[in-house]
Amino acid sequence: MKKKTVLCLMVMLTISAIVNSETHDVNTIFGNAEIVKCPYCGTKKELMNIVSGNTFGAVFWSDNKRKAPMLPQVSPVQKCPHCKKYYFKRKNEHGIGKNTSSERGELTYSEWKKAYNQFMAEKISGKDKADLYFWLIQAYNDYYFRDSNSHAPTKAEYDFFVKITLSFIKNFDWTQVDHPLLKAELYREAGKMQECAKVLNCILYKSLQDFEKDIYNGIKQRMNNNDSKVFKL
Ligand SMILES: [Zn+2]
């Protein structure tokens, strides 16, 4: 995942959806596998490498998650098949393989939590930490709301979600964001409706583009209903 796309803003994602919608006849093109190497034991593995894709048919969610069938994404955190430790993909790239690979190295929610514990014990910081919080937020929403309706978070699970969500809000550099809709949305998902309202009140509604107004209204309506669930854009 490109960091700008991941961590930024609904705005950027939605714009890219609009831009890319004109190229939907382009098929996904797979390049030779990207090799990553475990920093703990040296075991290598080959990952899917998309040279060209597009967001045709993509579904966007209010936590910035994009599900694009023509642009599948490789997990930004990989689990070593040998020593079972977790590592950041972007920091452990090791060249290109001889064949293509369909391996995305996706983690289950339970694995994401183990990865979180490992990285926190290793005292990661800065952007790595903010990214990790953000991936956890999306993994939680995947597990409880997106991929299946059969799970309901326990109070302890929701408390954990609130903790990482507030930590993300605190650790992310919002100065680069003009209209922090994502910040308002994450406060809402964490059940902090007053904070959500404060952020919304600081956003100049008439300065928003139409699609941003839709997101703004979607957040506000749910906030007023005390609804903290992630939603489809
Ligand atoms: Zn390993």
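# Close-up views of a predicted model

**View 1. Helices H6 and H8 run roughly parallel to each other, because their axes cross at roughly 20°.** Angles under 35 degrees count as roughly parallel, over 145 as roughly antiparallel, 65 to 115 as roughly perpendicular and the rest as oblique. This is a predicted model, in which local features need pLDDT of at least 70 and side-chain atom pairs count only at pLDDT 80 or more, while totals for chains, interfaces and linings use all residues. Residues are numbered from 1 along each chain as its sequence is written. The axes of H6 and H8 (residues 210-224) come within 10 Å (lines fitted to C-alpha atoms, for helices over the stretch in contact, with angles from 0 to 180 degrees between N-to-C directions). Helices (H or I, at least four residues) and strands (E, at least two) are DSSP runs, numbered from the N terminus. The H6–H8 crossing is left-handed (the near helix is turned anticlockwise from the far one by less than a right angle; clockwise would be right-handed). Contact here means C-beta atoms, placed from the backbone, within 7 Å. By class, this contact has six nonpolar, no polar and four charged residues (nonpolar: Ala, Val, Leu, Ile, Met, Phe, Trp, Tyr, Cys and Pro; charged: Asp, Glu, Lys and Arg; polar: the others, Gly among them).

**View 2. Helix H6 (residues 181-189) also packs with helix H7 (residues 193-202).** Their axes lie 7 Å apart at an angle of about 165°, so H6 and H7 are roughly antiparallel. This crossing is left-handed. Lys183, Ala184, Tyr187 and Arg188 of H6 meet Met193, Glu195, Cys196, Val199 and Leu200 of H7. The tally is six nonpolar, no polar and three charged residues.

**View 3. Three strands form an open sheet in the order S3-S2-S9, with antiparallel pairing.** S3 (44-47) and S9 (93-96) are the edge strands with a single partner each, so one side of each has no neighbour in the sheet. Neighbouring strands are turned by 30° against each other on average, direction ignored. S2 (residues 34-37) pairs with S9 over two bridges (pairing takes at least two bridges found by DSSP). Zoom in on Val36 to find its bridge partner in S9, Glu93.

**View 4. Residues 1-24 have pLDDT under 50 throughout.** pLDDT is the predictor's confidence in each residue, from 0 to 100. The model has 31 contacts beyond four places in sequence for residues 1-24. Where pLDDT is low, the predicted coordinates should not be read in detail. The protein's mean pLDDT is 89, and 88% of its residues reach 70 or more.

How values were computed
Two residues are in contact if their C-beta atoms, placed from the backbone, lie within 7 Å.
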